[in-house]
Amino acid sequence: MNSDRPANRSDVLRPKNVGAPIRRTEDPRLLTGSGEYTADRMPDRPLHLAFLRSGQPHAKITRIDTTAASEAAGVVAVLTAEEIVDDFKPVIPFSRMANYYATPILPLASGKVRYVGEAIAAIVATSRYLAEDALELIEVDYEPLKPIARAELAVAEDAPLLHEEAGTNVLIAREFKKGDVGKDMAAAAVRVGGRFEMTRKAPLAMEPRSYTAEYEKRRDALTLYTSSNIPGIIRDAISESLSLPGHRLRVVAPDVGGSFGSKGSLYPEELLICIAARRLRRSIKWTADRLEDISSSSQAFSEIVDAEMGFDANGTATTLQADVIGDVGAFSIYPWTCGLEPVQVVSFLPGPYKIQSYRGAVRGVATCKPPTGPYRGVGRPVSTFVCERLMDMGAKALGIDPLEIRRRNLVRAEEFPYRIASGIIWDKTGFIECLDAAAEAAGYVQLRKHQAHARESGRLFGIGIASYAELTGIGSRIAVAPGMPINTGSETAKITIDSTGAITAAFGVASHGQGLETTLGQIIADDLGARFEDIRVVQGDSDEVPMSTGTYASRSAVLGGGAAKHASAILQAKLRRVASHLLEASTEDLEVTDGKVAVLGTDRSVTFKQIAKAVYSDMKTLPVDAREELTATYTYDPINGTTAAATHIAAVEIDPATCFVKIHKFVVAEDCGRIINPMIVDGQVHGGVAQGIGAALFEELIYDDDGQLLSASLVDYVIPSAPEVPLMDVVHVESESAVAGGFRGMGEGGTIGAPAAIANAIADALSPFDIDVSILPMTPERIFRLIQNAKLKAKEKS
Amino acid sequence: MKPAKFDYIAPSTVDLAIEALVASNGEGKVLAGGQSLLPLLNFRMARPSILVDLNRIEGLSYIEDREDRIAIGALTRHRDLEHSPLVAARLPVMSAAMRHVAHLAIRNRGTIGGSLSHADPAAELPMLAMFYDASIAVRGPKGLRTIAAEDFFVDALTNCLEPDEIVVEVEFPVLDHDGWAFEEVARRFGDFALASIALSVRRTETKLEGARIAVMGVADTPLRLREAEQELVALPLDAQLPERFSEIVASKVSPNDDLHASGEYRTHLLKQLSKRALRTALEAGERTA
Ligand SMILES: Cc1cc2nc3c(=O)[nH]c(=O)nc-3n(C[C@H](O)[C@H](O)[C@H](O)COP(=O)(O)OP(=O)(O)OC[C@H]3O[C@@H](n4cnc5c(N)ncnc54)[C@H](O)[C@@H]3O)c2cc1C
């Protein structure tokens, strides 16, 4: 069933669609307001949900009185943990990892609240307005407990515990080790290090989380419309929790307005809405408002990394060590666990470099904040920020150009496959090629000259480089999240030609903005020999598509695309067999293109429609055993998956008067293997870099020492808008991967490289003050402080 | 994030609007552009019993030339001020400031009456009202009264109006100046200012004869810096002036720390902007002097 062999490069002779900048099939409907998002669902007389959320960071709930709320206008039901206790089983984010405590996922807080924003009670009413009115009538008595707001304090022996049953606030601890770091550090010519931090960030999809549970009385069945990017996992988890078999629980992810990871886990509200719909035998809707989305959707980063890197005199990085504290928030998430983000930081920290010895220790620590979860780039924005800062610090200490030091340390073409010190294996990818291509596109040599000039006139001009590699399209040999018992290694395509000749391709991989309807259609058009416009791609509906875990971890083009290629080949073989009957020619003499099968060198051909008629609607033309249903299903597993890599170069200038950072130039050279649609690839890079700029310069969820979120609206949580995102130059290094089609995943890279490149550029710009950049975002306020402190120090010295 | 229940009325005259406010016993609120009020309603931070919508009242939106003054109707949108040739010619500082007010969509709705009444300490129009010594005409059950800008802004988001009073017009004196400048720093284009200064000078070739300074983003209300104006005029007109001026301005403010910036950083910004603003104003003045 599976195939790990390299795809035959000549399997499609003249690709017409793959490689072409075809306009996205999705766009006409999305841009004209004809899309259907979850909130657009209009079930019969729906009820509406609103959640009472904790204003306390950490407290025992001693009493909830819902009497007045139950009697309020329009209220149909008020649900509390106690009320629904028999309606579900808690969902456990299980993992085989040692030193991991899985906090159970409950629809509503039970006994205790653990962060501001945690749902305590739910009101179902005839309108959202009335539901929110009734929220004010619920009385909750709390017995406040000490808030746990800072991960570094939560690891102390005498710290209050968030989950008493765990016996510790450290929900996950892990260490990676290779070689003798102590010895290598001692032998190093230069050691650089520091305490690095990336603060907490909101994924902030344009569409907030949204769920509509539609109850079907006739079958006592539920359809959950969800803004999820993992509808398959959601279906199975809710089925298990509610003891509702799959044929009575359909889960659909319709058009989804972005996720960036925030819609990639099971949420308490998702469980609750199904429980409520089933209980009340009514359809129910809920869409998070922006405040709820910011304060209860999974968040990103929040890691402190103490790291040190050793170099020999030639600038070869020889050794690396790091201690990471991840502030994972109040709960582990399903299915990825709270280990996902912080553990990836240590497993990717050595990056694309040949560092020989390594020690990376990580602790994921529970605090009174919403859980962290997957966020575009997972772990790698932080690991790349730290590793690339260390590279630049090493370069500076040794007097080597930052470009040159990377060239000396990157894994070279002849050294692949290469196992880095943390154990990850990079397959052949254009590491050096990306570095060179980025340097060329940026006009690196010229840029340095320009910088020298600018410096002479006192301007703060800096250039920053970041190189990274990531695993994408991961197959069954590697778990996407550590120790997680879910099959993330394969994806299935089911392609069918119906009796009208129409082609429908069903994929489990969902789409939340990636344009998969277009790119998967492009692959099928070429490999099946169909016309692009004749193919309908169906996704995200558990009644229509094969089982799938969804779209995350830059996997869908690789796994879905691979499945598409194989299924297309099987279906094309069927078409050839039928056509050989109809055309009275041998299958080898047939050519399949543009929705027709033709006898090579003649004008004789049959269309897919004619073939379909012959198979399905005609009793005479074909012998019985030749009337095979025109459908093919294939499950593809790339086993190891494939590496993707890029180099980002940023040129920035800091205005000493305002301490604002202006990005003058941003170049990305990336290797995503064979490009399916260059327009979509560019769009993914642009969007990713924009988010990376947010992480580097703007975005920060600020929690005070009492666990209160201070930046809870878009006035206070500042994201880059169009004027803050510069034009970018994107260069593609298309080195084909070994998986089917030669693709590599590329949805996350922009977010991985940009923060590090910008951080390095800022540090370079500030080097006249001898300032190191160790925390992101580098807000004007932080830059102001750094410069003030540096000036003070200089004064003290003189 | 849905507002609590409220009644709604859209009267056709100011008198009817005042009547509705009076009837609400102080629980009603006026709705103008809604750009500041609606978020407050949605967060349930404002819970008026009734919204009195001014948008159906005729004759509240105008920009009128009254020789030494420009009169602006309370319902005049930000966008009209931004694009008015009259404002550009007679109130150039205001004209320059308007494009810093929020974003296009918000400028299309937001009104001068709403902006002044909302009294955001980092909003441009309240600061301009202070800068120009605007007089704010207000109608209530007791009739019409005129309030000097300096008396209008009481605290952050607090004005001196009675709950049943409505701003109907704002008059801006046309200033006599040889040079002027408006400088602002906001985190992103269209955001509320971190710091801002409006400045105008009258000068001869050798010395300053008068100055006008207003700042915002550095206190609970916009500030007119009258002391600094006098100190500036007393200084010699030399190359050191911008630097010395910036010290003076900085010494007049002590902004608090908040989420967006520390007080120290805001003061730093204001200093930088003061320098820049004075240079610009002097250069322009040099050309005309
Ligand atoms: C994203 C965003 C960014 C913004 N950025 C800026 C900015 O950079 N600079 C800036 O200056 N503003 C900014 N604003 C605010 C904007 O300018 C508002 O339009 C303005 O502050 C209020 O005007 P309004 O007409 O919308 O008033 P409304 O929202 O309708 O009312 C505001 C308050 O004033 C009262 N009120 C309104 N009219 C009157 C009246 N005639 N008499 C008595 N009381 C009245 C209302 O009862 C209410 O209390 C921003 C707004 C948003 C949403």
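Let me begin with the ligand, where a nitrogen atom lies 2.9 Å from a polar backbone atom of Val167(B). Please keep in mind throughout that this is a predicted model. Taken on its own, the ligand has 960 Å² of accessible area, and the protein covers 89% of it.

As for what surrounds the ligand, the shell comprises 30 residues, and the closest are Val30(B), Gly34(B), Leu37(B), Thr111(B) and Glu124(B). Sorted by class, 13 residues of this shell are nonpolar, 14 are polar and 3 are charged. If we ask which elements give two or more residues to the shell, they are β2 (28-31), α7 (112-118) and β10 (166-173) of chain B, with α7(B) supplying the largest share, 5 residues.

Staying with chain B for a moment, I would like to point out Ala46(B), which sits in the loop between α2 (37-42) and β3 (50-53). Its relative accessibility is 10%, and Ala46(B) therefore counts as buried, the cut-off being under 20%. Once neighbours within four places in sequence are set aside, Ala46(B) is in contact with Leu40(B) and Leu41(B). Ile18(B), 28 residues away from Ala46(B) in sequence, is 19 Å from it in space, C-alpha to C-alpha.

Turning now to the cores, the largest nonpolar core has 209 residues, of which Met309(A), Trp336(A), Trp426(A), Phe666(A), Leu697(A) and Ile762(A) touch the most other members. Helix α18 of chain A, residues 749-765, gives this core its largest share, 9 residues. Apart from this core lies another, of 51 residues, including Val18(A), Ala530(A), Val537(A) and Ile676(A). As general background, nonpolar side chains in soluble globular proteins tend to be buried together.

To look at one member in more detail, Met309(A) touches, beyond residues up to four places away in sequence, a set that includes Met185(A), Val190(A), Arg191(A), Ala317(A), Ile355(A) and Cys387(A).

Ala317(A) is also touched by Lys354(A), a residue in the loop between α9 (340-348) and β15 (357-366) of chain A. Is Lys354(A) buried or exposed? At 18% relative accessibility, Lys354(A) counts as buried, because the limit is under 20%. Among the other residues that Lys354(A) touches are Asn409(A), Arg412(A), Glu415(A) and Tyr418(A), again leaving out those up to four places away in sequence.

Notes
Residues are numbered from 1 along each chain as its sequence is written. Chains are lettered from A and ligands numbered from 1 in the order in which they are written. This is a predicted model: local features need pLDDT of at least 70, side-chain atom pairs count only at pLDDT 80 or more; totals for chains, interfaces and linings use all residues. Side-chain values use heavy atoms; hydrogens and water are left out. A nonpolar core is a set of buried Ala, Val, Leu, Ile, Met, Phe, Trp, Tyr and Cys residues joined through side-chain atoms within 4.5 Å. Buried means under 20% relative accessible area, exposed over 50%, partly exposed in between (1.4 Å probe, protein chains only). Helices (H or I, at least four residues) and strands (E, at least two) are DSSP runs, numbered from the N terminus. Contact means heavy atoms within 4.5 Å. A residue is near a molecule or strand if one of its heavy atoms lies within 4 Å of it. A polar contact is a pair of N or O atoms within 3.5 Å; within protein, one must be able to donate a hydrogen and the other to accept it, and residues adjacent in sequence count only if both atoms are side-chain atoms. Accessible areas come from the Shrake-Rupley method with a 1.4 Å probe; for residues, only the protein chains shown count as cover. Ala, Val, Leu, Ile, Met, Phe, Trp, Tyr, Cys and Pro count as nonpolar, Asp, Glu, Lys and Arg as charged, and the others, Gly among them, as polar.
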